[in-house]
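Here are some friendly notes to read alongside the model. Please keep the sequence and the 3D view open as you go through the points.

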Amino acid sequence: MVTSRLPRRDRRALFADLLSVFPAGRLVDLGTGPGTFAIIAADLGWQVTAVDVRTERWPEDERVTWIQDDVRHQAFEEFDVVACLGVFYHLTCADQVALLTRCSGRPMIIDTHLDHGEHAHQLSDRITQGEGYEGRLYREPGALTSSWENEQSFWPTLASFHTMLFRSGYSTVLTVEPWVTGDRTFFLTLPRSTP
C-alpha cells in the first residue's frame, strides 16, 4: 500500500510521485487526452510517447511524440513504463485483459475507477464476465472523454482487478490510499520480473 502525503489528492502530483520510483526512461501514456500526464513525465526527464485515438485536445509540446492510434492496438516492447491514466475504465472486460497481457513485463501506473463502494456514476447490477471477473457495466455517454467504439465499459471489483493483473503477469500491486475518490485511485503494478 502506498499512502500519499498529499491531503488534496491531486492526480498530477500522485502521478509524479509514482513515476519518481523509476529512473527516467521511455514512457507511453495511453489515452493521453489533453496530454497532462505526458507533459509531467517529459518535465521529469522521460522520453514520452502519448497515444490517443482523438487528437482534438493535444497541446503543442515537441518533447512528446504524439501518436494517433487506438490504445487497444498499441505495442509496448520499446517502453520502460506504461501509464494507463483514466482509460482503463473505458474498456470492455476483454479489452482490459488483453491490454494488461500486452503490457506484461513492464511496470504500469494505472489510474482507474473500479466497482468499489460508493459510486457517483450509474452502474449496472454486478455481473460476471470473462474468466470469472466480477464488476459492473458503465454506459459510456458518447462524449469526447468517453470510450472509443464501445457503448459500455467494465468496472471490475478490486478483487477481480487484482486477479486480472496477477493472471497477466503482475506480482505486485501497490494501491494509493486513501482513494482519490470513493471509486477511483492509482495503482503501481510491477511484473514478476521487472526489466
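**Notes on the predicted model**

1. Buried here means under 20% relative accessible area, exposed over 50%, and partly exposed in between, using a 1.4 Å probe and protein chains only. You will find F161 in helix α4. Not counting residues up to four places away in sequence, F161 touches F88, I110, T112, L114, P156 and F187, where contact means heavy atoms within 4.5 Å.

2. A word on the ground rules. This is a predicted model, in which local features need pLDDT of at least 70, side-chain atom pairs count only at pLDDT 80 or more, and totals for chains, interfaces and linings use all residues. Residues are numbered from 1 along each chain as its sequence is written, and side-chain values use heavy atoms, with hydrogens and water left out.

3. How confident is the predictor, on average, over the chain? The average pLDDT is 91, and 93% of the residues score at least 70; pLDDT is the predictor's confidence in each residue, from 0 to 100. Please take care with residues 1-8, where the pLDDT is below 50. Beyond near neighbours in sequence, that stretch has 16 contacts in the model.

4. Now the overall build. The chain has four helices and 11 strands, taken as DSSP runs (helices are H or I, at least four residues; strands are E, at least two) and numbered from the N terminus. Its radius of gyration is 16 Å, close to the 16 Å that the globule rule gives for 195 residues, so the chain is as compact as a globular protein of that length. That radius is taken over C-alpha atoms, and the rule is 2.2 Å times the number of residues to the power 0.38. Buried residues make up 49% of the 195 residues. Among contacts between residues at least 6 apart in sequence, 58% join residues at least 24 apart.

5. Which residues have the most contacts inside the largest nonpolar core? They are L30, C84, F88, L99, M108 and I110, in a core of 28 residues. A nonpolar core is a set of buried Ala, Val, Leu, Ile, Met, Phe, Trp, Tyr and Cys residues joined through side-chain atoms within 4.5 Å. Elements that each supply at least two residues include β2 (26-30), β5 (81-85), α3 (93-103) and α4 (158-167). Helix α3 gives the most, with four residues. Apart from this core lies another, of 24 residues, among them F37, W66, V176 and V180.

6. Two residues are worth a click next. L99 is in contact with L30, V71, F76, C84, F88 and L91, leaving aside neighbours within four places in sequence. V71 is found in the loop between β4 (64-68) and β5, and V71 is buried, with a relative accessible area of 8%. Among the residues that V71 touches are L30, V51, V87 and R102.

7. Back in helix α4, please also look at M164. M164 is buried, with a relative accessible area of 1%. Leaving aside neighbours within four places in sequence, M164 is in contact with F88, C93, Q96, V97, L100, Y133, F154 and P156.

8. On strand pairing, two strands count as paired if DSSP finds at least two bridges between them. Strand β7 (residues 127-129) and β8 pair in the antiparallel sense over three bridges, and Q129 has Y133 in β8 as its bridge partner. These strands form a hairpin with three residues between them. Five bridges join β8 to the antiparallel strand β9 (residues 152-156), with Y138 opposite S153.

9. Finally, two backbone details to check. G130, in the turn between β7 and β8, has a positive phi of about 55°. A cis peptide bond joins E177 and P178, with omega about -5°. Most residues other than glycine have a negative phi, and most peptide bonds are trans. P178 lies in the loop between β10 and β11 (184-191); a hairpin joins these two strands through six residues, and they pair in the antiparallel sense over five bridges.
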